[in-house]
Amino acid sequence: MAAASQEQRYRTLIELGIALSAERNHNRLMEKILLGAKSMTNADGGTLYLVTPEKDGLKFEIMLNDTLDVAMGGTTGKPIPFPPLKLHDDQGNPNHKNVSSYCALSGTTVNIADAYDVDKFDFSGTKAFDSKTGYRSKSFLTVPLKNYENEVIGVLQLINARDRKNTVIAFGPDITPLIEALASQAAVALDNSRLIEAQKNLFKSFIQVIAGSIDAKSPYTGGHCNRVPALTFMLAKAACDKKDGPYKDFHLSEDEWYELEVAAGLHDCGKVTTPEYIVDKATKLETIYNRIHEVRMRFEVLKRDAVIDYLQGVLAEEQPEAELKAALDAKLAQLDDDFAFIAECNVGGEFMAPERIERMKQIAETPWTRTLDDTLGLSIDEMRRRPGEQPKPPVQEKLLADKDWHIIPHEVAFDLAQYDAEGFSMRPQKHKYDLGEIYNLSIGRGTLTAEDRFKINEHITQTILMLKALPFPKNLARVPEWAGGHHEKMDGSGYPKGLKREQMSDPARMMAIADIFEALTAADRPYKKPKTLSESLKIMSFMVKDQHIDPDLWILFLESGVWKDYADQYLRPEQVDNVDISQYLPKAAQ
């Protein structure tokens, strides 16, 4: 019978070793260690301590006791109310009076048959506990947990071994080596778990660094990089909670939640390559600064020229002064009106109808005289874009112009083979930028040229390329796909790959909805006012009809109240208006 019991213990030890090597959840790992040790020794209770990060104490991680029905720490969610055991006193002397701290400091196993018959260790706290509870703490087996570097990282303490009749006995010498073997396996498993957790924390910090660097370039983009993941998680949780409908079988494992966290956190990492003056382009003539100031100065020059012409006319006495003054006033009024119109065009608030573009081009033809050399003080890069021979001033120029040097070429030719290999359907513009004044002021809606738009959209190709360049482990292999699909549309008209609904994963489609809703409701954009809830949901309902947003996720988004939960956390009070979601739901869903 004893041989059979010993064989069973060995089998249990082997099974525990396999289980410990496979378990990656820290709390479940600790429970398996303690429960396995209790099972092998038939102990009534036990405690697992881990050395604190400062290595100055033993922190209670999990406590179990069958007789007292105590289960704290680990997956129980019940906090252990005891402070860490100090490894040294206030003078720095080692704490050898406590058996657990002695075990940690010495790295040796301590087997005590009866705590009440031991003078070497101080069990006064144990005895006080027993007197309050009526419990009798007797046998103790305290084993250090040593990692592969022979460093003690924790202590496993078992209390009150029991025989088959549940009578408390001492921990036999035959069981001690097995518990030490288990402790050794446990230490390696815990160490590996800590290393994995440290790697996760490192990667999370890396994600935060990326978001922080984007935030440093453009504060609203950094906020976007934090809010989109939050909204994506809300929608994913709503899908996991569904018990019926299209998402009744949707589930994310612990690894998949982490994968989603990484993908959502890095969904816009490519924006580190996008110049902030493009992302934040609030007016049509804006580059690093708003070039309307240059145009204004040209109008100022024309107005002063008109005053000079008037004064010269008065001195010449060839025309009545009244006529000259009337002509001057009319000229100045016209220039003021023309500039006001150009300034209005620059803001991009109104659609540039053909007649507005025609008026702008007529104003552009107005001549003005430049008397200074405009090649002085330029950078080498600017000089490279200038033609070889330039006319010497004074030079008569047009008030607005598209000049050759307004064209900024790509520094390096695009690798279209790589684009094709990745399945990118979007194609770069002929030029990197076109700063032409007429060209920019002619933008129909908004403030972005085709070149600007491509540069902004390019962030998603850069995101995918950056993420695919990282050697993700198997459990993070889908990060590039999940992160790179949030600008795709269900009908295939999105970018960068023109994917259709069936070609996209659920997390990618969830992130697309989160990205759109965040953008509509964001209050930190320099180029638009934040929209209310009702305005945002109405716009998104049209996007569903246009097959831009997943219809099933849209219903889930509305019915789960994710939109409301997000609004309560992230929207300004004035944005949160009354919403009747029934008007946005298809009739079949009502």
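This is a predicted model: local features need pLDDT of at least 70, side-chain atom pairs count only at pLDDT 80 or more; totals for chains, interfaces and linings use all residues.
**Close-up 1. The loop residue N42, which has a positive phi.** N42 is found in the loop that lies between helix α2 (26–41) and strand β1 (43–51). Although N42 is not a glycine, its phi is positive, at about 55°. The relative accessibility of N42 is 28%, and N42 therefore counts as partly exposed, since the partly exposed class lies between the limit of 20% for buried and that of 50% for exposed.

Close-up 2. S101 counts as buried because its relative accessibility is 0%. A polar atom of the S101 side chain lies 2.6 Å from the backbone oxygen of N95.

**Close-up 3. The pair of helices α9 and α10.** Helix α9 (residues 292–316) and helix α10 (residues 321–347) have axes that come within 9 Å and cross at roughly 175°. Because angles over 145 degrees are counted in this way, α9 and α10 are roughly antiparallel to each other. Sorted by class, the residues in the contact of α9 with α10 comprise 15 that are nonpolar, two that are polar and seven that are charged.

Close-up 4. In one view, P393 and P394 are joined by a cis peptide bond, for which omega is about 5°; P394 is placed in the loop between α12 (380–384) and β10 (395–398). In the other view, a cis peptide bond with an omega of about 10° joins Y495 and P496, and P496 lies in the loop between α16 (479–483) and α17 (506–521).

Close-up 5. Q547 is found in the loop between α18 (533–545) and α19 (551–559), where Q547 has a positive phi of about 60° although it is not a glycine. With a relative accessible area of 48%, Q547 is partly exposed. L553, by contrast, is found in helix α19 and is buried, with a relative accessible area of 0%. Between L553 and P246 there are 307 residues of separation in sequence, while in space the two are 9.0 Å apart from C-alpha to C-alpha.

Close-up 6. In helix α20, which covers residues 562–570, the residues V562, W563, Y566 and A567 are buried. When α20 is seen down its axis, these buried residues fall within an arc of 135°, so they line one face of the helix. An α-helix has 3.6 residues a turn, and residues three or four places apart therefore point the same way. On the other side of α20, D568 and Q569 are exposed.

How values were computed. Residues are numbered from 1 along each chain as its sequence is written. Side-chain values use heavy atoms; hydrogens and water are left out. Buried means under 20% relative accessible area, exposed over 50%, partly exposed in between (1.4 Å probe, protein chains only). Helices (H or I, at least four residues) and strands (E, at least two) are DSSP runs, numbered from the N terminus. The arc is that of the directions from the helix axis to the C-beta atoms. Axes are lines fitted to C-alpha atoms, for helices over the stretch in contact, and angles run from 0 to 180 degrees between N-to-C directions. Angles under 35 degrees count as roughly parallel, over 145 as roughly antiparallel, 65 to 115 as roughly perpendicular and the rest as oblique. Ala, Val, Leu, Ile, Met, Phe, Trp, Tyr, Cys and Pro count as nonpolar, Asp, Glu, Lys and Arg as charged, and the others, Gly among them, as polar. A polar contact is a pair of N or O atoms within 3.5 Å; within protein, one must be able to donate a hydrogen and the other to accept it, and residues adjacent in sequence count only if both atoms are side-chain atoms.
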